[in-house]
Amino acid sequence: MIALITGGSSGIGLSIAKRLHQLGYDIILVARDIEKLQKAQNEIGGNTEVIALDISTLKNCKELYKQVKDRDIDIVVNSAGFGLHGKFLEQNMEEQLQMIDLNVKTTQILTRLFLTDFKEKSHGYILNIASTAAFSPGPLMACYFASKAYILRLTEAISEEIKQEKSRVYVGCLCPGPVDTHFNDQLGVKFAKAQNSDELATYAVQKMFQKKLVIIPTFKQKLIMFLNKFMPTKILLKINYNNQIKSTKKNK
């Protein structure tokens, strides 16, 4: 049994890799930084290999697929991604587009490539990592929230197509709230009650094997997502804006 995890050198990707390894899976970690990958490899232990590759381009996504397509992959976790915090017009436009490439295009490309194989053998799991950010607009993180909304809706639609074809393949989406990883440090924000990434991974893997379509880890986040459905957009925008301001101040 083999699981491939992009963005597997740190954060949620690494925690999911560790959990799957505990369950007996051989692990293939994919990320850009070879030193971080090797550190993660040592942390996970035996039967773990690494591929250092920038998968934010179509060419490199195809190269990754070419390298592993004959390995009979069982699980693909699309965890590679990053975020940007700040006003839309004050962010670097090239960085915005790079984020869209990695968060959106890479996930779409790899989902398509591996789903083709999984359908042929009528087996496999694809878990795309989105966020509770996918459920609402995000002032001061506009591009990030939008990218996660794309992943959520894409995953939901593909899952229904697969279901209608009576396939046993799973395509699902993990939508965590704030998680205690270096992701928040890179953004320059701090959340009061961020979830432990290892606990998140245990829950996410369990629900993936239960073939739950949208995985929201905590009761609090589930309740917030439910209430958001009934909240006027103008009010939701103000709440999200103020929350981003508060999280920025906490980090100072």
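Modeller: E43 counts as partly exposed, at 43% relative accessibility; that class lies between buried, under 20% relative accessible area, and exposed, over 50%, using a 1.4 Å probe and protein chains only. This is a predicted model, in which local features need pLDDT of at least 70 and side-chain atom pairs count only at pLDDT 80 or more, while totals for chains, interfaces and linings use all residues. Residues are numbered from 1 along each chain as its sequence is written, and side-chain values use heavy atoms, with hydrogens and water left out.

A salt bridge here is a side-chain nitrogen of Lys or Arg within 4 Å of a carboxyl oxygen of Asp or Glu, and the count comes to 7 salt bridges. One of them pairs K18 with E43, with 3.1 Å between the closest N and O atoms. The pair links distant parts of the chain, K18 being in helix 1 (residues 11–22) and E43 in helix 2 (residues 34–44), 25 residues apart. Helices are DSSP runs of H or I with at least four residues, numbered from the N terminus.

D198 also forms a salt bridge with K18, at 3.5 Å between the closest N and O atoms. This pair, too, joins distant parts of the chain: D198 is in helix 7 and K18 in helix 1, 180 residues apart. D198 is partly exposed, with a relative accessible area of 36%.

R153 and E156 form a salt bridge, their closest N and O atoms 2.7 Å apart. R153 and E156 are separated by about one helical turn because they lie 3 residues apart in helix 5 (residues 142–164). An α-helix has 3.6 residues a turn, so residues three or four places apart point the same way. E156 is partly exposed, with a relative accessible area of 22%. Through salt bridges that share partners, K18, E43 and D198 form one network.

K207 is a contrasting case. K207 is buried but has no salt bridge, and the nearest side chain of opposite charge, E199, is 15 Å away; Lys and Arg count as positive, Asp and Glu as negative, with His and the chain ends not counted. K207 belongs to helix 7 (residues 197–209). Apart from residues up to four places away in sequence, K207 touches K212 and I215, contact meaning heavy atoms within 4.5 Å.

How values were computed
Helices (H or I, at least four residues) and strands (E, at least two) are DSSP runs, numbered from the N terminus.
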